[in-house]
Amino acid sequence: MSPRSAAIGAHAYLPGSGSADYGVTEYDLDLRYRVATNRLDAVATISGTAHTVLRAIRLDLVHLKAKRVRLRGDATAKYSQSPTHLTVRPSTPLPPGADFVLEIDYAGSPAPRRTKWGTLGWEELDDGVLVASQPSGAPTWFPCNDRPSDKAQYRIRIATDASYTVLATGQLVERTVAGRFGHWTFAQAEPTATYLVTVQIGRYEIEPRRSAGVDWVIAYPLPLAARVRHDLEPVGRMLEVFQELFGPYPFPSYSVVVTEDALEIPLESQGMATFGSTHIDGQSGSERLIAHELAHQWFGNSVGVASWQDIWLNEGFACYAEWLWSERSGGPGADTLARRHLELMRRMPPDLVIGDPGPDAMFDDRVYKRGACLLHALRITIGDAPFFTLLQTWTRTHAHGVVTADEFRSLAASVAPEPLDGLFREWLDQAAVPALPGTGIS
Ligand SMILES: [Zn+2]
């Protein structure tokens, strides 16, 4: 993480998570995991840089016990652990700009953590594992600086029972079987936020595909094969349409995992999306969500938020991508969908400001829908060609970085012939539901 992203990464929504005092450049995670007993034994090697005089390196770690902690080059560094944090104290403070490497042996039975947004993190399935961390579940399986602005590279090695298939964040670079264990190694070169790092373990078939120049795979339990193939068939065309509208797909590959278990909501992770068996009904019942999760690869994963306050930059854009997909695939157009959702929002109490919804409401559906309506209002105001040029400039300029809403406002203003301050103010900073431009109704 650069000092700039430390400065803009205001962390008011999760004050207990992460630290601005340092940034991590790489997590090297070596995991040994038994599915039957939910036992994890792991070593995390964390490379970072001090951003201030660093008397203590405070990492997030939940439920798991550190067994040995070393700060390279400092034999007398000390550490302590609370239920939610692991704190390492160098024998002398590290000066700003100093690089450090921590080696942390840790173990335990990983479990999701309870939060106001539900249970998050490492979760046992009926026969396997998934990790769904947004926003604060990452520390349930590795010690980390858990703030969305601190993106890092990852190398993840996982040894688990050989009868399971493993998918994790990054490209699969090695797979071997030794005795009863399968060994899988994944490398993610693109900077990645902690909440987007995932592991998926299950009895999955893997089917490789290639569409619009992008390699992608589907992973699913064999009994679901027909439903999965049917419902995921549009992904190839979505990759084509979204690259045309948003710019090149930002990662080396895309994986879509379908679990045997029912899941309440699908989830995006870096280069991956996970759906429950209930989402994949064999009748395209979740096509909207399949488009939404794919769009997060551009909006949320590559271009990430510095602060959760700006989550509309993830969800408003992904929701608008659903409408664009509808428009491009023979369904209702974005204009129809925007007006439909505005009408619904108008019947609700005007008690949400999507530019700063507060932690309790950050996943409120209105953050998604109103964020999408804002983008539609912007499209009407500046016109189709400038609007889509703006989206592509946004994804290109900030690829694999972090952003703020102010940066989007500035970029939009730079392509608009007239000031946009009023538009952004009424859609982002006020609770009353505005009208779309040019109609006075809706
Ligand atoms: Zn989303």
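Helix H5 (residues 312–328) passes H7 (365–382) in a right-handed crossing, a label used when the near helix is turned clockwise from the far one by less than a right angle. Helices here are DSSP runs (H or I, at least four residues), numbered from the N terminus. This is a predicted model, where local features need pLDDT of at least 70, side-chain atom pairs count only at pLDDT 80 or more, and totals for chains, interfaces and linings use all residues. Residues are numbered from 1 along each chain as its sequence is written, and side-chain values use heavy atoms, without hydrogens or water.

The two axes, lines fitted to C-alpha atoms over the stretch in contact, lie 7 Å apart at an angle of about 65°. H5 and H7 are therefore roughly perpendicular, the term for 65 to 115 degrees. Contact (heavy atoms within 4.5 Å) involves residues including Glu315 and Trp323 of H5 and Tyr368 and His376 of H7.

Follow Glu315 to the zinc ion, which is coordinated by His292 (NE2), His296 (NE2) and Glu315 (OE) at 2.1 Å. Donors are N, O and S atoms within 2.8 Å of the metal; water is not among the atoms, so the site may look incomplete. Along the chain the spacing reads H-x3-H-x18-E. His296, in the loop between helix H4 and strand S21, sits 19 residues from Glu315, and both are buried (under 20% relative accessible area, 1.4 Å probe, protein chains only).

Now look at H10 (residues 421–429), where Leu423, Phe424, Trp427 and Leu428 are buried. They share one side of H10 because they cover an arc of only 95° around the axis, taken from the directions to the C-beta atoms. The buried residues of H10 pack against H5, H6, H7 and H9.

Note on methods: Donors = N, O, S within 2.8 Å, 3.2 Å for Na, K, Ca; no water. Helix = DSSP H or I, 4+ residues; strand = E, 2+ residues; numbered from the N terminus. Buried < 20%, exposed > 50% of the residue type's maximum accessible area, 1.4 Å probe, protein only. Axes fitted to C-alpha atoms, helices over the stretch in contact; angles between N-to-C directions. Parallel < 35°, antiparallel > 145°, perpendicular 65-115°, else oblique.
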